[in-house]
Amino acid sequence: MTLLFVFLLSILSTTLFTNRLGRRGVHDAAAEARVLRDTAYAVRLCARAVDRLFEAAGGSSLADAEPLQRLWRDVMAARSHVVLTWDAAAHAWAHATLGG
């Protein structure tokens, strides 16, 4: 549950940050791309951690009654969201920072 909380908090902070920039009439593409990059990286680390826990738990963690399999599925599904994929976020950041 803590992992899901961290994930949702990162999404909320990204949204608040971009909304705050928009209200001030400022569009800082590099800053927005950096927040998205950092969020995607945090999600990547969380997914890696849950994957390691799932692996360590063994075959019994596959049972429907096990909370770990639900957490694993949720994190893997969230990681697949286009905004949270590392490749897309890193590319957007590089484009905003380095141009091109």
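## Basis of the model

Residues are numbered from 1 along each chain as its sequence is written, and side-chain values use heavy atoms, with hydrogens and water left out. Because the model is predicted, local features need pLDDT of at least 70 and side-chain atom pairs count only at pLDDT 80 or more, while totals for chains, interfaces and linings use all residues.

## Helix H4

Helices are DSSP runs of H or I with at least four residues, numbered from the N terminus. Helix H4 covers residues 86-98, which amounts to 13 residues. From its first C-alpha to its last, H4 reaches 17 Å, close to the 18 Å expected at 1.5 Å a residue; the expected span is 1.5 Å times one less than the number of residues. Just after H4, Gly-99 adopts a positive phi of about 80°.

## Salt bridges

Side chains of opposite charge can pair when their charged atoms come close. A salt bridge here is a side-chain nitrogen of Lys or Arg within 4 Å of a carboxyl oxygen of Asp or Glu, and the count by this rule is two.

One of the salt bridges joins Arg-37 and Asp-38, with the closest N and O atoms 2.8 Å apart. Arg-37 is buried at 18% relative accessibility, whereas Asp-38 is partly exposed at 41% (buried means under 20% relative accessible area, exposed over 50%, partly exposed in between, with a 1.4 Å probe and protein chains only).

Arg-70 also forms a salt bridge, with Asp-74, where the closest N and O atoms are 3.3 Å apart. These residues lie four apart in helix H3 (residues 67-79), so about one helical turn separates Arg-70 from Asp-74. Arg-70 is partly exposed, with a relative accessible area of 47%, and Asp-74 is partly exposed at 33% relative accessibility.

Definitions and conventions: Helix = DSSP H or I, 4+ residues; strand = E, 2+ residues; numbered from the N terminus.
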